Amino acid sequence: MRIMGLDFGAATCGVAISDELLLTAQPVETIRRKHETKLRQTYARIEELVVQYDVNKIVVGLPKMLDGTEGERAAACRDFADNVSRRTGLETIMWDERLTTVQAHRVLDEAELSHEKKAAVVDKLAASLILQNFLDSEANRFKN
């Protein structure tokens with residue numbers, strides 16, 4: 001069993017996959033699109049990755065405001081997750097992604113990558129952080 005993590009944005013969707021033991025999340029790719037509402041190829045690529053990695057569950061980042069409220073972007077992510085679930089037949093879990101993109105930028109700043117290289121990997125790194133936070137939470141839940 002593997003879990004997929006998705007960081008859904010206006011022009012990209014970062015993808016991460018867990019290992020089979022559900023201990024670690026690895027960034028896989030960033031799916032890019034030319035227009036925010038053109039999602040057919042994004043859904044198709046996610047379906048391909050679900051099969052390729054034998055994914056059983058999907059975690060989608062939920063961008064909440066710092067005060068915990070949800071805005072338009074969160075609504076778009078919920079719609080996206082519903083469509084992914086319908087298309088793949090898999091359970092999708094919404095996961096609070098507050099500050100994961102900021103955290104991803106900090107990691108990349110420490111690596112001293114060029115702006116172009118950072119832009120190429122930030123979304124899949126954010127997806128990896130979202131998924132890793134979920135995996136850690138699940139591991140802690142079973143310990144207690």
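At 6% relative accessibility, S128 is classed as buried, since the cut-off for burial lies under 20%. In this predicted model, S128 belongs to helix α4, which spans residues 115-143. Apart from neighbours within four places in sequence, the residues in contact with S128 are A16, A25, Q26 and P27.

Strand β2 is mostly covered, with seven of its seven residues buried. In a regular strand the side chains alternate between the two faces of the sheet. From β2, T12, G14, A16 and S18 point one way, whereas C13, V15 and I17 point the other way. The strand β2 runs antiparallel to β1, to which five bridges join it, and three residues separate the two strands in a hairpin. Pairing with β3 is likewise antiparallel and extends over seven bridges. G14 stands opposite D7 and has T30 of β3 as a bridge partner. The hairpin of β2 and β3 has six residues between the strands, and L22 there adopts a positive phi near 60°.

Helix α1 comprises 13 residues (40-52) and reaches 18 Å from its first C-alpha to its last, close to the 18 Å expected at 1.5 Å a residue. Its buried residues are T42, Y43, I46, L49 and V50. Viewed down the axis of α1, these residues fall within an arc of 125° and therefore line one face of the helix. Their cover includes β1, β2, β3, β4 and α2. On the other side of α1, R40, Q41, V51 and Q52 are exposed. The helix α1 is followed by D54, whose phi is positive, near 55°.

Terms used
Residues are numbered from 1 along each chain as its sequence is written. This is a predicted model: local features need pLDDT of at least 70, side-chain atom pairs count only at pLDDT 80 or more; totals for chains, interfaces and linings use all residues. Side-chain values use heavy atoms; hydrogens and water are left out. Helices (H or I, at least four residues) and strands (E, at least two) are DSSP runs, numbered from the N terminus. Buried means under 20% relative accessible area, exposed over 50%, partly exposed in between (1.4 Å probe, protein chains only). Contact means heavy atoms within 4.5 Å. The expected span of a helix is 1.5 Å times one less than its number of residues. The arc is that of the directions from the helix axis to the C-beta atoms. Two strands pair if DSSP finds at least two bridges between them.
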